[in-house]
Amino acid sequence: MDFGSPPAGGSGVNRDELMDQVKSQIAIANAQELLQKMSDKCFKKCVTKPGTSLDNSEQKCIAMCMDRYMDAWNIVSRTYSTRLQRERGKI
């Protein structure tokens, strides 16, 4: 079976289009995971007595926590991308 050719009688989805769709789905899943983890961690850290609303200190804590989490995520992502590019250059 040749995975590079379209199936017999099929419309022949372009491989690049398929790869773009997969990359997009992975990006969406990563963003959802980031938001979920960030929300969980910051809520646990900042909201000690859950109630019907957040007080000012909880709101500030959550905002700062999310900012720091995003900063750390961006640093890790850039470092990982740079490393991947270096590794691909060695091949």
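**Exercise 1.** Which residues make up the largest nonpolar core?

*Solution.* The model is predicted. Start with the members. The core has six residues: Met38, Cys42, Cys46, Val47, Ile62 and Cys65. Next, assign them to helices. Then find the main contributor. H1 gives the largest share, three residues.

**Exercise 2.** Find what Ile62 touches, leaving out residues up to four places away in sequence.

*Solution.* Ile62 belongs to the largest nonpolar core. Its contacts under this rule are Cys42, Cys46, Val47 and Leu54. Compare with the core list. Cys42, Cys46 and Val47 are core members.

**Exercise 3.** Describe the span of H2 and its buried residues.

*Solution.* Take the length first. H2 has 35 residues. From first C-alpha to last, H2 reaches 51 Å. At 1.5 Å a residue, 51 Å is expected, and the model's value is close to that. Now the burial. Glu58, Ile62 and Cys65 are the buried residues of H2. H1 is included in what covers them.

**Exercise 4.** Is Leu34 buried or exposed? Which residues does Leu34 contact, apart from neighbours within four places in sequence?

*Solution.* Locate the residue: Leu34 lies in helix H1. Check its accessibility. Leu34 counts as buried because its relative accessibility is 9%, and the cut-off for buried is under 20%. List the contacts next: Tyr69, Met70 and Trp73. Finish with a distance. Leu34 and Trp73 are 39 residues apart along the chain, and their C-alpha atoms are separated by 8.4 Å.

Definitions and conventions: Residues are numbered from 1 along each chain as its sequence is written. This is a predicted model: local features need pLDDT of at least 70, side-chain atom pairs count only at pLDDT 80 or more; totals for chains, interfaces and linings use all residues. Side-chain values use heavy atoms; hydrogens and water are left out. A nonpolar core is a set of buried Ala, Val, Leu, Ile, Met, Phe, Trp, Tyr and Cys residues joined through side-chain atoms within 4.5 Å. Buried means under 20% relative accessible area, exposed over 50%, partly exposed in between (1.4 Å probe, protein chains only). Helices (H or I, at least four residues) and strands (E, at least two) are DSSP runs, numbered from the N terminus. Contact means heavy atoms within 4.5 Å. The expected span of a helix is 1.5 Å times one less than its number of residues.
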